[in-house]
Amino acid sequence: MDGIIEIITQFAAQEPGIFALIIGIIGAAVLSAVVNVGAMLVIWADRKVMSDFCNRFGPNRVGGRWGILQLGADAIKLFTKEDVIPAGVDKGVYVWAPIIASAGTMLVAAAIPFGALHIGGKNYPLVVANMDISAFYVEAALSIMSIAVFMAGYSSNNKYSILGGFRGVARMIAYEVPMGVCVISVAVMAHSLNLVEIVESQTIWYAFAQPLGFIIFIIALVTDLGRVPFDQSEAEEEIICGYSTEYSGIRWGLLYFQEYNNFLLGSILMTLLFLGGWHGPIIPIPILDMISPMIWLLMKVIIVIWFIILIRASLFRLRIDQVTDLGWKWMLPLSLLNLGWAVLIGSYFA
Amino acid sequence: MTTASEVLSSIQSAFPGAVLDSKVESDRRLWATIDSKKILDVCKHLTAKLDFDHYSGSAGVDWIARNEMEVVEIMASHGGHQVVAMLKVKTPRDSPSVPSLVPLYWNANWYEREIWEMLGINFEGHPELYPLLLSDPLVGSWPWRKDFKGYPDYTTGERAVAITTPEGYTEYYFPPTPAEVEAGTVPKERPKYPTFLEREEREIKSDSEMIMHLGPQHAMVPGPFLLDVLVEGERVKKAFLDIGYIHKGIEKIMENRSWLQGITYTDRMCYVASLTNNECYCGAVEKILGLEVPERAQYIRVILEELSRIQSHLIGTGEFLTLIAGVGFAPWQYMIMDRERIISLIESVTGARLTHTFVRFGGVRNDLPEGFAEECKKHLPYMKSRIEEFIDLFAQDPIYHARMENIGSISPETGKRLGCSGPVLRATGVAYDMRKEDPYLVYPELDFKVVTGTRGDSADRIDVRLREMLESIHIIEQCLEKIPSGPIKTEAKIPKKIPAGEAYYRVEDPRGEMGMYVISDGGDKPYRVKVRGPFYATFQTLTPLLEGVYIADAVAIAGSMDGCPSESDR
Amino acid sequence: MLKRKMIKNFTWPLKTATREIEVTRLYPEFMMELPPAERGIHELDATICIGCGTCARVCPNSCIEMVNFKFGSPLKNKKMQFPQIDYGRCMFCGLCVDECPVECLKMGQKVTMAGWTREDIVKGPDFLATKRFSPKEVADLEAEAKRIAAEKAAAKKATAKEGAAKEGAAKKPAKEAAAKKENGSEAKPKEGGAA
């Protein structure tokens, strides 16, 4: 064991560049594995929780009574399907759209802290890139999905797709602004744009410190994720499948998967910004005390995800003009009001 | 109250010599043969003076033995009186042509197009005599004529021209014979329904417009029908509707099946309303036979038809919820769950879940099983509470109101003019219900209200359906109390050959006024069955409503009609 | 916009989530309970079927075909035919059951009938018959038939001897009944056919 560590340290000393590259690749692999497995669980949870609300069983065959392996079976099916690129599509853009969507989520994942290790009375955050403006960066990178949506809609040479693409962009523009303002309000209170510092500074959860901002953020987040009541870009009863109408097989699978990746990452962001992140009483049991911040974060994220699924089961879809109306006429002024409130409170507490 | 004989005498005095033949069947049915030159004037007179503001449809009949064709115009009133006037217009079979009623009644359009394409009766003055249900090449073979030999017509093989399309398919078409062109049955330049490309070329004016399909294959449609919308951005500028994708020719099939076998075909016109369809057909045949249905059988029919109305409204409303909320919307599934209970109730009597084939001439197939009343008493109060919950849910939901209120509004006058019926018309405030207008079975003895709305928009249509379900539950509860014991089938023997005669029988389908016009020539098969479906009439009103709304609203409007293309195409 | 509350939208799904699953079933493990009136796969009582073919004639889809099959009462016609039903075409309307003159055809509560080929769902009388004669009964009936035939022959001889005396057709209950039924079953198809 010591020998291996010695070899590694020697190698690191001799070739620092290559060593950093190798570490980066390993980190990226671990990160994408964690995020993707997480997203698969979210898809499973979406189906299962939805089935609860609808008094159904949901997936119940593959992987036992709870259908936990259903997603694996679906993924295998998607991978083995014929790869169809329809005639008349803008091939380059069409092929790149799912890839950009995945790249976007990975960019988000890089800057999001997935929790912290509690060692020796101190929290060590688990984050790949701990940058100073990570809150803003994550919020911006989440909307790369919208670009992918527009690319997919534009390139598909399909009337439904182009409408879906337009709707996606219109929605994104209308809601990105209030969402950004909400992030700024949080940053004003925390005196930092770093997600780790925002979490550490939450002595009271910001959901209580600025409830208006919390509500606006959750609405904007649901919009960003493109879920009911804001799923106009793929409203199947109006425009079939929206931007992904022409996609099939693994390309469609990637687009679909990224939505759930974003769902997971967006829920984590929400928890970090407003729900105190990994704050919570430390469990006084050895080993468990080390990961107890992660347990708290996980529990909060699960509640957020569950709530967003509940929204899907209970609300009607808005019309696209009503969505943009709501965004520009209500969300933006209210988020600015919230910013003023945050400045007041923030300066008072400071 | 106006009666049929009064109407007849009024026509006779206003237009001496116009009525060639007449029969007053009862106070509510008038059969009259009108001179084809005077039919327009007579209709004008009926509408203006006698309150016949409801053009209910028309039927074409081919009397091959008499060498003439007949168009039967069915006229009724929206609550003014209860008379249904069946005005026959005769025309020679060699060159059939009658005046079109489209200038008088907007909704005559489809009925006349259908008669034209099926029987080859030309309608003078019809604005767009395009094929409606048939495909273009079939026009000219006149499939509903009694001497139709099938398609392609191998008996006149030299007429069928086979064309191989560039894709490698073989298609046939029939050029009109010179004799036909001479006789004028076939317009020399046969109007063709425009293809998609032609329509794009004709309608698209600027770069920002496009024509989008909302059918025949779309998540919105309850069955295949073509709905093309010309959109500019999100705004629908114009809508084009075409039906006939699942034209099954049920009316023609029924002419080739025995009277009894016909019942099974009425099931399949609209499978969520099969009991009312059964009732309509059997009622018409019973009218020809002059049969009295035993009282118990009548009550059983009413109970089942009201149960069937509840399940139809539940699935109609539920499917509609998915259109404006997405399939994940949980209350949709609650409606389906509740519908399951109703279906099980119906199944316990009829033995089938959707296609019941339950009503028989002069009775019903099965008696109510043991403990049916107890089951009903268990489920109906539950249903009541659930429906009240649905009403509550919609009343307090702001998004629902933002999406539905004042979307696709119809005023009462427009509703009457467009000829729609059922919940669509009642939502506008016109209390027009066959159970009151043209009472059948034991409905006159039962106490129920006709539910009406006020605004006539999509939200009102849903509201009317929900409250109608409560009325239906009320009716069933009364029936369970009043139902007498006794036979469930008439004692009289039903002959295999029904005596010659004709009858028009109307029932209140879940979707509106359902009428069947049945003619018997004394054979073992119907001579002609004309189905006047409720959704056929409502369907026509869709295009004017869709102009100027958003795409999402187009879906909300089309969905709130509770469509059933299977029934409109037949 | 926010005048009305949206509480019910959220509480109803939550309330439902706590309830037992009522309507949905895990299908192959749990079949739904079918009422006695259910119109499922036909059940043929081969002991009373007279092979008249009314069911085949009334069927709107002509999915019933009368085929020769060897069970059935040897008292009657030995080449008697029984219904064979093509379930690929059957729409379970129940007209055949209603029109059956001896009520030998019923529809049961069995509804599953999947097969690998189209021929698999063409069910012959062997499959449909839920009630048939046991071998012993068949033997008994055959003996009876022989006895009747012998009596018949004897009677014929007697009548031939006695000339055209009408009293010769003496009333033998068993024979009479059988003959009557046979006549009836033969007469009916003709009528129907003409109609």
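Two residues are taken to be in contact if their C-beta atoms, placed from the backbone, lie within 7 Å. In the predicted model described here, A:R56 is in contact, once its neighbours within four places in sequence are left aside, with A:S51, B:Q333, C:I21 and C:T24. The residue A:R56 belongs to the loop that runs between α2 (16–53) and α3 (70–80) of chain A. A:R56 is classed as partly exposed because 17 other C-beta atoms are found within 10 Å, a count that falls between the limit of 12 or fewer for an exposed residue and that of 20 or more for a buried one.

The model as a whole scores ipTM 0.82 and pTM 0.84. For chain A the average pLDDT is 85, with 99% of the residues scoring at least 70; within chain A, strand β2 (residues 122–125) has the lowest confidence, at a mean of 78, whereas helix α10 (residues 211–225) has the highest, at 88. For chain C the mean pLDDT is 75, and 77% of the residues reach 70 or more.

Chain C contains 6 helices and 6 strands, arranged along the sequence in the pattern α-β-α-β-β-α-β-β-α-β-α-α. Of its 195 residues, 22% count as buried, and among the contacts in chain C between residues at least 6 apart in sequence, 77% join residues that are at least 24 apart. An open sheet of 3 strands is formed in chain C in the order β2-β3-β5, with antiparallel pairing. Strands β2 (64–68) and β5 (122–123) of chain C stand at the edges of this sheet, each with a single partner strand, so one side of each is left without a neighbour in the sheet. Strand β3 (residues 81–86) of chain C is joined to β5(C) by 2 bridges, the two strands running antiparallel, and C:I85 is placed opposite C:K123 in β5(C).

Between chains C and B, the contact involves 28 residues of chain C and 27 residues of chain B. On the side of chain C that touches chain B, α1 (7–17) and α3 (95–99) of chain C each supply at least two residues, and α1(C) gives the most, with 5 residues. By class, this side of chain C comprises 17 nonpolar, 3 polar and 8 charged residues.

Chain B itself is divided into domain 1 (4–128) and domain 2 (250–569), whose C-alpha centres lie 27 Å apart. The contact between these domains of chain B takes 20 residues from domain 1 and 20 residues from domain 2. On the side of domain 1 that touches domain 2, the elements of chain B giving two or more residues are β3 (54–63), β4 (68–76), β5 (84–92) and α3 (108–119); β3(B) gives the most to this side, with 6 residues. The residues of this side of domain 1 of chain B divide into 9 nonpolar, 8 polar and 3 charged.

Conventions. Residues are numbered from 1 along each chain as its sequence is written. Chains are lettered from A and ligands numbered from 1 in the order in which they are written. This is a predicted model: local features need pLDDT of at least 70, side-chain atom pairs count only at pLDDT 80 or more; totals for chains, interfaces and linings use all residues. pLDDT is the predictor's confidence in each residue, from 0 to 100. Helices (H or I, at least four residues) and strands (E, at least two) are DSSP runs, numbered from the N terminus. Ala, Val, Leu, Ile, Met, Phe, Trp, Tyr, Cys and Pro count as nonpolar, Asp, Glu, Lys and Arg as charged, and the others, Gly among them, as polar. Domain bounds come from an automatic or database domain assignment. Two strands pair if DSSP finds at least two bridges between them.
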